[in-house]
Number of protein chains: 4
Amino acid sequence: MCRWLAYSGNAVPMSRLIYETDHSLIDQSLSAHSSVQTTNGDGFGVGWYDHSDVPGLYRNLRTAWTDANLIDLCEHIESHMFLAHVRAATATPIQQTNCHPFRYRNWLFMHNGVVRELEILRRDIAMAIDPSLYNSVLGSTDSELMFYLALTFGLVDDPYGGVAKMVGYIEDLAAAKGVSHPLQMTLGIADGKNLYAVRYSSERDSRTLFLSASVAAIRELLPEEHRDTVDAYGANAISVVSEPLYNLEGAWNPVPESTFICIRQGEVSTRDFVPISP
Amino acid sequence: MCRWLAYSGNAVPMSRLIYETDHSLIDQSLSAHSSVQTTNGDGFGVGWYDHSDVPGLYRNLRTAWTDANLIDLCEHIESHMFLAHVRAATATPIQQTNCHPFRYRNWLFMHNGVVRELEILRRDIAMAIDPSLYNSVLGSTDSELMFYLALTFGLVDDPYGGVAKMVGYIEDLAAAKGVSHPLQMTLGIADGKNLYAVRYSSERDSRTLFLSASVAAIRELLPEEHRDTVDAYGANAISVVSEPLYNLEGAWNPVPESTFICIRQGEVSTRDFVPISP
Amino acid sequence: MCRWLAYSGNAVPMSRLIYETDHSLIDQSLSAHSSVQTTNGDGFGVGWYDHSDVPGLYRNLRTAWTDANLIDLCEHIESHMFLAHVRAATATPIQQTNCHPFRYRNWLFMHNGVVRELEILRRDIAMAIDPSLYNSVLGSTDSELMFYLALTFGLVDDPYGGVAKMVGYIEDLAAAKGVSHPLQMTLGIADGKNLYAVRYSSERDSRTLFLSASVAAIRELLPEEHRDTVDAYGANAISVVSEPLYNLEGAWNPVPESTFICIRQGEVSTRDFVPISP
Amino acid sequence: MCRWLAYSGNAVPMSRLIYETDHSLIDQSLSAHSSVQTTNGDGFGVGWYDHSDVPGLYRNLRTAWTDANLIDLCEHIESHMFLAHVRAATATPIQQTNCHPFRYRNWLFMHNGVVRELEILRRDIAMAIDPSLYNSVLGSTDSELMFYLALTFGLVDDPYGGVAKMVGYIEDLAAAKGVSHPLQMTLGIADGKNLYAVRYSSERDSRTLFLSASVAAIRELLPEEHRDTVDAYGANAISVVSEPLYNLEGAWNPVPESTFICIRQGEVSTRDFVPISP
């Protein structure tokens, strides 16, 4: 119901990926190809890392394609790791606190998908969040609850385990409450050094997610006169996206169903994602 | 580039036409059928008449489909004549003063279309506006300039003449400046007693505009069990719309190219629209 | 931390009380006299009753004094019972779902004050809300939690009991958690027929609250040439306000500390307010 | 009617001056000391220079003190020259295009003050703007008209002359139209290398403006344990402000009436400001 992108590589102006590609995230906000909804106009957010301990965050409930501030910020802020998200709301209000990514200390979290029949599950999920984290939940989305539940289950020390137990908890709760196929999700998560991406759904029919080829590989795919255009990203650059940012055969590899990815300085490690009952 | 509707009839909650039809204006804001742009998410406005001298006006730069206030206002405000508009901006900023309808005393004005190459024509148009009206121009759209130019040319006393001279002025100016096909427009205009609609474009290929059949005629077209649903609108009710609000063979008649319509208490008078050089 | 007004009487344009008095609510939003904060610029809301079952609601996070829509709505909407509120946020985000009044079916609720050390109490309060009401909490304020807690404790059938048990619950919880003087509140509550107001604080030093004299009494206080100005409100009209809307000796009576007021068709019944441990 | 600050020096996070002083610009937005209005809550803007040719711009119509995005941007964006402005609107709408600073290519312009009886003067001023610049005027403030008039009169090549002729034009026009004391202004202008400030009013009773002492001088004024806090700004750092950002005897020098200041790499050159009839 949303579209997102995550980037790790050399510091570049964020506009390079958010605006300046054929099917950029801004273009996707107006006309997504493979999303359930065509229009993703219910808020925008970008979180970025620089030399600070805590990432910067800019979230707005305006349509991304009309936000004059966003253009300037993306052109002027350079970052080596950033997450950006355009929202198509499901059932929760359009407000800044419901825009992705969500931030907790040095962590950022964003989600495309849904917790189905949330009205049946919400209260239990909220009560399962560690009381010390409860006050940090500022909005009313399923996504933010998923984030704080993953933190409750140890995301900071064990990202795979934190996410797998969060999913396991929701699957178990849904089974107990008679909700089938409760989870549909692609997740983008970062701590400033590592970038994580997860593709999963209860029904094993998850929303699209793509991993870019290496800059070296993309360089070879490009016509000779355009090869220089990718050099600024650096040898280690990787993007994870809901939809390819441009058409180039071989540049975007679909992430398989039920997969957990960790990206660190250009190294991509992939493992099967299996929920864990907490 | 926009979609609009205008209503004249018995006082009804505005939500009846704005929300509660199959292809309501709110639905059109997310997925217009015959518009140049699918999404009309760059602002919304509604102006309505009641017992006051001056119509009420509610304009917002949020997407119409996410505006919780708008739902309540449309359900709670009843009006016998109202104009509503969803905007897809061309080149001017998304701001309240650029949302339609525009208001001058008891007059409301809204526009779907464009003044082409406005950057070449804008200054002359602004200068042609009567100095006593100049300060009333609050935004930066072509549409608002058209309204004040029509007022300059006598809209209040002679609606046909005011609009025809406005169009004539812009056609003449465009010809002098080398701009071809300067105008594309459907206009909805009201003074509280009369509702006017105009379909015109320089190239004689105007955006769609439809006039509803009479309530009596629509009643006959409906299955017997649904006939009561239209009684609340009253025998004199008429709507003018950019796109039909629902599918019903015979209920929506296309307004012919180059037409000026005046609706007064259910009486529809139609004449050919021909620009007048002022 | 906020200012509010509530009105019950003949149907009048809401602008009469919200805009058109010397120290109107809009004036108070810019420069409150007796509020903890001078500026109440963190959102506005008005809820009004008409012939519908459910009251209308308009809430906005803009400063009230710059909201052009608000002026029009208040001038054009007439209501026999309405509640209006300007917010000065304490620690929760400025968003529409945090603006007062809050609505549940035919009920409206607004609050000036604070639940102190909310971060210690919030989770328990949320858990105490009836699960069937839990999903109706849309924002993150202390005030909305108070409303749903009062509903949980029977507000609909027994307004005094619902509020007294809500207060009792929070006082008991605070005592158990070591939070002293947890509650500071003036409440405005309505169901469309009855208007309720409560003045209470744990420390018995509550924010100001005033009840208007009867229209007949105010008529006598006015200079002879101005007496007609109040006739439109009707013999049964009553206002409850955080601050007097204008200066007129005898027109505004302070509501005593720890008081519960019920107003029904001009009849004012007053009783001492004592929390009840639920 | 507004408050502003301008900074030139070493690159520092903008939050240092905008947030982290006793009487920061954010504090002034809620409670200005020497402003005509206490509350400057009708929009905020900041423009900053970095390595790009064109400065970045962030403008918002929310109250500055509640804008969560603004905090993050100011903490994460470092700049060697920036201008920031909180607005208290006079008579023009609250919209992004009316927020300062205004930008033209590499130039930024902001204004505290007013063109009096603008409704009498606006059309002539607009028509005096060079037709090639006319379409760049996006909002409806007196301030933006002043900027484009100064550009028309050569601001880019001769900043003193451009401003002096702009003022001269308005003074002459006002005299011809019978408007007395038309201008009240303090201006902050920058091109990325030079920072300009002007204090002037027709009645020779201009709004306050202060120039910071040198960092070396301020260092000496500080208690020994606090001297390191100013080192990050660099030896050449200078601020120009509507109100002192903190209390420190000797740190803020009032700019004399009718003065034009140019700051370049810490060098301050000052001359009397005298309008020039264009």
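The model before us is a predicted one, in which local features need pLDDT of at least 70, side-chain atom pairs count only at pLDDT 80 or more, and totals for chains, interfaces and linings use all residues. Residues are numbered from 1 along each chain as its sequence is written, chains are lettered from A and ligands numbered from 1 in the order in which they are written, and side-chain values use heavy atoms, with hydrogens and water left out.

To the opening question, then. Chain A is laid on chain D by a turn of 180 degrees and a shift of 0.0 Å along the axis, with an RMSD of 0.0 Å. The two copies are thus related as by a two-fold rotation axis. The superposition is by least squares on the C-alpha atoms of residues with pLDDT of at least 70 in both copies. Among the residues of chain A, Ile77(A) comes closest to this axis, its C-alpha lying at 3.7 Å.

Let us now examine how chains A and D meet. Contact, here and below, means heavy atoms within 4.5 Å. Chain A gives 20 residues to the contact and chain D gives 19. Of the interface residues of chain A, 95% are also interface residues in chain D, so the copies meet through the same surface. The area buried between the two is about 1500 Å², and carbon and sulfur atoms give 41% of it. Asn69(A), Asp72(A) and His76(A) lose the most area on the side of chain A, together 38% of what that side buries. Buried area is the accessible area (1.4 Å probe) that two parts lose on being put together, summed over both.

On the side of chain A that touches chain D, the elements giving two or more residues are β3 (56-60) and α3 (68-76) of chain A. The largest share, five residues, comes from α3(A). Helices (H or I, at least four residues) and strands (E, at least two) are DSSP runs, numbered from the N terminus. By class, this side of chain A divides into eight nonpolar, six polar and six charged residues.

We turn to chains D and C. A rotation of 180 degrees with 0.0 Å of shift along its axis superposes chain D on chain C, at an RMSD of 0.0 Å. Arg62(D) is the residue of chain D that comes closest to that axis, at 3.3 Å (C-alpha). Nine residues of chain D are in contact with nine of chain C. Here 100% of the interface residues of chain D are also interface residues in chain C, so the copies again meet through the same surface. The two chains bury about 730 Å² between them, 59% of it on carbon and sulfur atoms. In chain D, Thr39(D), Arg62(D) and Ile94(D) lose the most area to chain C, together 45% of what that side buries. Across this interface the rule finds zero salt bridges and zero residue pairs in polar contact, both at pLDDT 80 or more.

Finally, let us look inside chain C. How many residues of helix α6 (142-152) of chain C are buried? Of its 11 residues, 10 are buried, where buried means under 20% relative accessible area, exposed over 50%, and partly exposed in between (1.4 Å probe, protein chains only). Among the buried residues of α6(C) are Phe147(C) and Tyr148(C). Their cover includes α4 (118-128), α7 (159-177) and β7 (183-190) of chain C. Just after α6(C), Gly154(C) takes a positive phi of about 100 degrees.

Lys193(C), by contrast, is exposed, with a relative accessible area of 57%. This residue is found in the loop between β7 and β8 (194-201) of chain C. Leaving aside residues up to four places away in sequence, Lys193(C) touches Met81(C), Ile263(C) and Arg264(C).

Key:
Salt bridge = Lys/Arg side-chain N within 4 Å of Asp/Glu carboxyl O. Polar contact = N/O pair within 3.5 Å; in protein donor to acceptor, adjacent residues only side chain to side chain. Nonpolar A, V, L, I, M, F, W, Y, C, P; charged D, E, K, R; others polar.
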